Amino acid sequence: MNDAVGLNQKMNEVRALADGKGFSSDPARIWEMLALIHTEVSEATDAYKKGEPLEHVGEELTDAIIRILHLMSALNLDAE
């Protein structure tokens with residue numbers, strides 16, 4: 001049996017979590033949301049360059065995915 005969850009469902013879960021924590025999805029924040037994605041990728045790059053455990057690199061990449069899904073939801077994009 002396939003228990004895979006679609007990206008749109010995950011995107012909706014991320015949006016609900018972000019909204020619940022007070023992170024607005026207001027269109028005026030789009031530039032900030034893009035910058036936060038960049039920050040997470042930069043943190044992953046820095047961790048990798050410093051030779052930190054790959055788990056830490058993975059955590060930063062996961063944060064980037066979460067931020068990307070949040071931005072996509074704010075833009076009403078289809079993640080699939």
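In this predicted model, Glu 60 lies in helix α3, which spans residues 54-74. Glu 60 is buried but takes part in no salt bridge. Leaving aside residues up to four places away in sequence, Glu 60 is in contact with Glu 40, Glu 43 and Ala 44.

Arg 67 is instead paired with Glu 40 in a salt bridge, with an N to O distance of 3.3 Å. This pair connects distant parts of the chain, since Arg 67 belongs to helix α3 and Glu 40 to helix α2, 27 residues apart.

The salt bridges number five. Another of them joins Glu 32 to Arg 29, whose closest N and O atoms are 3.1 Å apart. Here Glu 32 is partly exposed, at 29% relative accessible area, while Arg 29 is buried, at 15%. Asp 46 and Lys 50 also form a salt bridge, at 3.2 Å from N to O. Asp 46 is partly exposed at 34% relative accessibility, and Lys 50 is exposed at 57%.

As to confidence, the mean pLDDT of the protein is 92, with 95% of its residues at 70 or more. Confidence is highest in helix α2 (residues 30-49), at a mean of 97, and lowest in helix α1 (residues 7-20), at 93.

Technical notes: Residues numbered from 1 in each chain as written. Predicted model: local features only at pLDDT ≥ 70, side-chain atom pairs only at ≥ 80, totals over all residues. Heavy atoms only, no water. Helix = DSSP H or I, 4+ residues; strand = E, 2+ residues; numbered from the N terminus. Buried < 20%, exposed > 50% of the residue type's maximum accessible area, 1.4 Å probe, protein only. Lys, Arg positive; Asp, Glu negative; His and termini not counted. Salt bridge = Lys/Arg side-chain N within 4 Å of Asp/Glu carboxyl O. Contact = heavy atoms within 4.5 Å. pLDDT = per-residue confidence, 0-100.
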